[in-house]
Amino acid sequence: MEKLVNPYREKKSPTILAKETAELILKAIQETDTKEIEQFLQKKLPEFTNKIIYANPLEFAIENTIKRVFALIKTTTADYLKTSSASQSTKKSLAEMVQRDPETNSDPPTIERLDSYESAERENILHGIKREILESLENLIDDFDKMTEKISENAPTHIKSNDIVVTYGESTLVQDFLVSAAKSRKFEVIVIEDELCKVGKSMCSKLEEHNIPTTFTLPTATYAIMSRANKVILSPNAIMADGGIISNSGTLLLTAAAKAHSVPVIVIAGLFKLTSNFPFSQDTFNEIKSPTDPLFVELSFPSPLTNVIVPKYDYIEPEYISLYITDAGEHTPSYIYRLFREYY
Amino acid sequence: MHPDIICLGHKLRNNQITGTNARCFAILITLRKIIEEYRGSPETINKNISVLLDEVRAYLRTARKLGSGVESYLDNLKLSIFNSNRDIGLGLTKKLSDDIGDFIDQKIRKADDLIIKNGLELINDDDVILTFGRSYVVERLLRECKKKFHLIIVDNPPYYEGRQMALRLARQIPITYTCISGVAYFMRKVQKVFLGASSMLSNGALISRVGTAMISCIAHMYRKPVLVFCETYKFSEKTQLDSLSENELADPQALLEPGDKTTAINLRYDLTPRNYINMVITETGLIPPTSIPVMLRELTRIQGTN
């Protein structure tokens, strides 16, 4: 758990963080004794996940995975108890009591007091529940691995021959998407550097390894090159409940220029990035970069009146996005709210 | 080739002199010096100076493309040599030297004074002004303004010209310095956007440092007025619809580490379309970008009658 809570840990992509969170919860559940599972799910797990969420306020992937895990636990226990107590119709089979935890606003899983069951039966039921939960969590973790495949399936449909595709910074998901399309199409990619992370060059070299002609340029040239672009492909940090996205600062330049040139913007994401938050402006969910960042090391202004303020994230409204490609299919921004019901 | 010209060529090639006004000034001052130092026969002076001009222009073009303002002025200069009296002799050097001096004085120095005078009225107390990169006129304007305002300087990689501007204005104006990625974060709070120009085209488009089009696009998104400060000598009869049909490429190695094999594009300029620009401030007044061809016509008419 220390890995996730430590504020000085190295920056990892949301996908990796989400997978790690899920694995952590899986391990925690595996290690608890069957007798204590009820206690664990009701008290210890929410406490423990709250700590993680509190330590990573803007890492939506972690919060989302935790919510998803809770939802899974809820549904699997409910299903299990329904099937197991089908024969005992006198007992109430709806096993979940949902309590809203005011701090995280998420539903901790609870299992109704099984005092009505005898202790031996109870032990069996708890054993069964634990097994089911572990299985569904393992499926969830497997999904992370299958995610890229599912998303890249339709890559050749969207990218045509001789297209010029523009992308921002580095993303393994976008990289896999483009590589999958490159198997049957010849196209070019322009990579726009993410000034704050400086990862554009590594993205370029990775694409070049797969024989995709790549050009590297700076965010100042975004508007200039957009007149030649056919598509913009992005991977966000989080998908917001209104259909907009939060992604690295500078992405808004691409989407604004794309809209001005009528270039379609395709956003690729795994569903774990769906966040039930509504941002209203650029600073609702945002952070400023620390002045000790190596980016600013050469700057020194002679006056205390000068501030260096560089925001980390951009919020992009749903009107700037043409299409979402997720592992649950392709959707328009206006449909995103429906996915919440299915996912959480 | 005169050593001053070689020196100038080096400076232009190595980005030691940047900014359209600075380059124009440097080129014309050096040219004037060379013309004044001409020691040839007075009989063939017209032809010799004409040839000298052409050689110098060709050499400087190999170092770096000259701005459109300079090119059109040098064309006029050549025309005036052609039209001048055959018997003028060494008086031609004086005539040309005076002409260049007048151009610098009227079209650059006095023009800037007037632009700043016009521009000072546009700044109000408690304004938040956003500017991009480093423009000589904008910097002077902000320095001479006595009102209380806040400045946001957006910087441009890879040459980071905004830093220079921030360093010079830091002591007297509260500044927020940021990268271009963060522009949208600040745009909401901004009242006006001040931009400098490399040239303005007859279709009202602005050619300026790469990144300016992006800033104007975002300003347009947030409905903020974009004001361009441009001397009339920078107006050009050309028209262009996008940034890529005609542009300058700077050294791509500036974007890469040594040893990187990626293809990089380092554009110098970009084109801001007419509808993103609200007003152009020139020495002749405040005009909309659509009036640029009108202004050009008036100026050539005035020049023709002189």
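# Reading cavities and aromatic pairs

Q: How do the residues lining the second largest cavity divide into nonpolar, polar and charged?
A: Five are nonpolar, one is polar and three are charged. Keep in mind that this is a predicted model.

Q: What shows where such empty space is left?
A: The general idea is to roll a probe the size of a water molecule over the atoms. Here, the second largest cavity holds about 70 Å³ of space.

Q: Which residues line the second largest cavity?
A: In chain order, they are K11(A), K12(A), P14(A), L58(A), E59(A), F60(A), A61(A), N237(A) and Y313(A).

Q: How many cavities of 30 Å³ or more are there?
A: The count is four. The largest cavity has about 100 Å³ of space.

Q: Which residues lie nearest the centre of the largest cavity?
A: Look at P157(B), P158(B), V210(B), N266(B) and L267(B). They belong to a lining of 15 residues. That lining splits into nine nonpolar, four polar and two charged.

Q: Now the rings. What describes a pair of aromatic rings?
A: Two values do: the distance of the centres and the angle of the planes. The structure has eight aromatic pairs over all chains.

Q: Why is the pair F144(A) and F272(A) called edge-to-face?
A: The ring centres of F144(A) and F272(A) are 5.3 Å apart and the planes stand at 65 degrees, so the pair is edge-to-face. The cut-off for that label is over 60 degrees.

Q: Where in chain A do F144(A) and F272(A) lie?
A: F144(A) is in helix α5 (residues 119–152), and F272(A) is in the loop between β7 (265–268) and β8 (306–308). The pair therefore ties together parts 128 residues apart in sequence.

Q: Are F144(A) and F272(A) buried or exposed?
A: Both F144(A) and F272(A) are buried.

Q: What are the distance and angle for F194(B) and F229(B)?
A: Their centres lie 4.9 Å apart and their planes are at 65 degrees, so this pair is edge-to-face. F194(B) sits in strand β4 (residues 192–196) of chain B and F229(B) in strand β7 (residues 226–229), 35 residues apart. F194(B) is buried at 0% relative accessibility. F229(B) is buried as well, with a relative accessible area of 1%.

Q: Which residues form one aromatic cluster?
A: Y73(B), F103(B) and Y233(B) do.

Q: Which charged end sits over the ring of Y343(A)?
A: That of R68(A), 4.0 Å from the ring centre. In chain B, R163(B) lies over the face of Y160(B), at 4.3 Å from the ring centre.

Conventions. Residues are numbered from 1 along each chain as its sequence is written. Chains are lettered from A and ligands numbered from 1 in the order in which they are written. This is a predicted model: local features need pLDDT of at least 70, side-chain atom pairs count only at pLDDT 80 or more; totals for chains, interfaces and linings use all residues. Side-chain values use heavy atoms; hydrogens and water are left out. Rings of Phe, Tyr and Trp (its six-membered ring) pair if their centres lie within 6.5 Å; planes under 30 degrees apart count as stacked, over 60 as edge-to-face and the rest as tilted. Helices (H or I, at least four residues) and strands (E, at least two) are DSSP runs, numbered from the N terminus. Buried means under 20% relative accessible area, exposed over 50%, partly exposed in between (1.4 Å probe, protein chains only). A charge sits over a ring if NZ of Lys or CZ of Arg is within 6 Å of the ring centre and within 35 degrees of the ring normal. On a 1 Å grid over the protein atoms alone, a cavity is a set of points where a 1.4 Å probe fits but cannot get out, and a pocket is an open set with protein on both sides within 12 Å along at least five of seven lines; lining residues have an atom within 4 Å of a point. Grid points are joined across faces, edges and corners, and a volume is the space filled by probe spheres set on the points. Ala, Val, Leu, Ile, Met, Phe, Trp, Tyr, Cys and Pro count as nonpolar, Asp, Glu, Lys and Arg as charged, and the others, Gly among them, as polar.
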